Amino acid sequence: MLWFRKGLDQPVRTLTPKTSSTLHGLSPGRPAPTPSRDAAPEDVCPTHALKEHDGVMDVDYTQCIQCRLCRQQSLKNKMNWEEGFHWAQMTSTSLPDAFHHSVHVRVVDAGDCGACLNELHQLASPVYSLHRLGIAFTPAPREADVLVVTGPVTVSMKETLEEAFQSMPTPKRVMAVGTCALSGGIFSSSFAVAGPVDRVIPVDIAIPGCPPPPLALLDGFRLIMGARPENPLDGRVRK
Amino acid sequence: MTEKTLEHILEQHEEMAVTVEPNWIRIAAPASRLPELASQLAPEWAFAGIVPENDPKTQSLRLLYVFYARNGPWVGIEVRNHDQSIPTISNILFAADWQEREMEDLFDVQFEGHPQLGDFVLHDSHWPEGTAPMKRHSWEIRQKTTESRNLSTPRIVEASGSFVMPIGPIFSGTQEAIQFGLETVGEEIVFAHIRPFYKYRAVEKLLEGQTPSVALLIAERIDGLTAFSHSLAMAQAFETLAGAPVPPRVRLLRVFWAEIERIRSHMQVLAGILESTGLSVPANLIQALEEDLLQLSGALTGHRYLFGLVRPGGLSRDWSDTEIENIVDRLGTILEPSQRILDALTFDNSFLDRLEAVGTLSLESASTHCLVGPVARASGINRDLRVWQPYQAYDQITFDVPVQAEGDGYARFRQLCQEIVQSYRIVQQIPPLLPAALSQTEDFGITQAGTALGYAESPAGAVICCVSANSRGMVERCRVITPGLVNWHAFPQSVRHFAFQDFPIILATFGLSVADLDR
């Protein structure tokens, strides 16, 4: 009772589209495609995310770990940097309409360093308050609509991940979170890594980033729910 | 005092070759004398871990048993392997237990007298015994293809009606993957087994052949929540190898960000403790403050978890004096409400009942495990690398290292709260000390082959990193001893004889990261 009253005394912390536009540090941003003559050379990238292509230095976001080496001071030309958080990509051809109102999410750690998991955990804080958007974490894969997988899938976690996926009821979605989950990232050449998530189970939504900030994660959840507003913090949007 | 003891010990072993390097004493000992030396060092030296390295003369593998003490030099006992077994020291120093199991799995070194070798880092259902992936510089590592995996943990309790309660590898919420087997006859946990390394990513193998710049990127992804300390520890090893002095401004700024990381990491552990006790209002309030710190880091360094900030020889960016002062002010406004919440909790009976005398780890148990970080300090061990072996600019700064005596959950909670206060005190001292900004030098190169040690006190405890580099500046071998590897070892001890409902609370008060252990 005491804590309930103390909680009410606190100011409202929940972000709105308006307040989120005035804050810095919500998203680290990421390199943007840059005309080749002004771009950093391909070989500065430790994960081979930079690829030149028709005069433009393109960024493969499934590889980029946002290490900012392509913007280091000693470079003559640096990559452009884009702010924002609309990073979620649909990787399956179409998503049937099933989850318009709410989704239950089970998170599986398949070798995560802890940063992606903490960003997911941060979604439950009052700042992002994912419950108001109809999203809830659930402890059992059997009750889950969405399986969120973080980390490069390690050899020892591969079967566990497969089992978790199989025990989910259909219809179901898989969301791969973080560069490690999309390509293995910096761990891709390790002998103990079985490969990105899509080599183990089919992936519907991919969210790049190392780690993707909470707003990018919300963007992915809203995409699964069939509504992708300009700002993922917008209230429920009907299709 | 420690140096006198060391002289005394060395006098007894005159026949052993002793190499004295700056801040570093190496004793080449025959394998048979290792237990004797270890037991002589054990009372005053803390055991850091076993570091494998190549003998520069014969290129064969040798093991370095690393010890450290307050204000004394680091001591390494060199033991040659020659493909023979080495006597175990886990009966003298229980802290060596996991390290020996790890060496056996990764390097195929046999430890005579160790009761439980095999099936540790490399789970037997995926890799055959004797795979030893780190022994050679080869990437061809055989993997088993057929055989169903074994998810059972060992059983030792034989009372009637006893059973094992399996937990993990996937369990509640956003928890990391690890497995426990809790043996019980009903309500009480009689014995706890822990089965880690589900998340083994072979970081140490991956580091072989990398440039310092990429090696730091890998190091910070060992444990994302204490990334800055991990890359700082490794950067120091590279800087020692390069012989390049780090500018004073960089040294101070590194301390500055390391302490901000400590505050944020402690805040995250505190939120976890509150959540485990079911106090969701304060848990949410603290979590929101953690988010404020993440945003502060994100806005000023370009990364919410400080990835990519430490570069070999420097930091990836610099800040103006006003920016630094603004960060300190902002920290003050974030910490002020957190202090009020944490103070109010010390009067909350329902909270205290769940933490007091729960998950107790005695001083004796903490010493035999050679624990590090807030967990050790909460059990009465005053061990902190910032004071024991000051690195970067910690010798210019005044701060206290709080220590608790009880070793229970509440002591660990108080420890975290008091460390946050001290970290803020450190951060406040830095702006007036900062020398004027220099243009940063980016040319950093290692030209001489060698082995160097780097270390840092991460929020969870000592990170000790031993790097061998070749003359082209590439990493030959690297060993990272993380606080997770040390502290998880003691966790099963602390849950024994407590009830099932205490398990998640004790787990939260330890505040350990699985990624840090698994690497």
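**Exercise 1. Find how much space lies in the largest pocket and which residues lie nearest its centre.**

Solution. The largest pocket holds about 1,200 Å³ of space, where a volume is the space filled by probe spheres set on grid points that are joined across faces, edges and corners. On a 1 Å grid over the protein atoms alone, a pocket is an open set of points where a 1.4 Å probe fits, with protein on both sides within 12 Å along at least five of seven lines, and lining residues have an atom within 4 Å of a point. This is a predicted model, in which local features need pLDDT of at least 70 and side-chain atom pairs count only at pLDDT 80 or more, while totals for chains, interfaces and linings use all residues. Residues are numbered from 1 along each chain as its sequence is written, chains are lettered from A in the order in which they are written, and side-chain values use heavy atoms, with hydrogens and water left out.

Next, turn to the lining: it counts 50 residues, and those nearest the centre are His121(A), Thr174(B), Gln175(B), Gly272(B) and Glu275(B). Among the elements that give two or more residues to this lining are helix 3 (115-122) of chain A and helix 14 (409-433) of chain B, helices being DSSP runs of H or I with at least four residues and strands runs of E with at least two, numbered from the N terminus. The largest share, eight residues, comes from helix 7 of chain B.

**Exercise 2. Describe the contact of chain B and chain A.**

Solution. Begin with the residues: 71 from chain B and 59 from chain A take part, contact meaning heavy atoms within 4.5 Å. Then take the area, which is about 5,400 Å² buried between the two chains, 60% of it on carbon and sulfur atoms; buried area is the accessible area (1.4 Å probe) that two parts lose on being put together, summed over both. On the side of chain B, the residues that lose the most area to chain A are Ile170(B), Thr174(B) and Arg221(B), together 13% of what that side buries.

Finally, look for charged pairs: the interface has three salt bridges, each a side-chain nitrogen of Lys or Arg within 4 Å of a carboxyl oxygen of Asp or Glu. Asp109(A) forms a salt bridge with Lys199(B), with the closest N and O atoms 2.8 Å apart.
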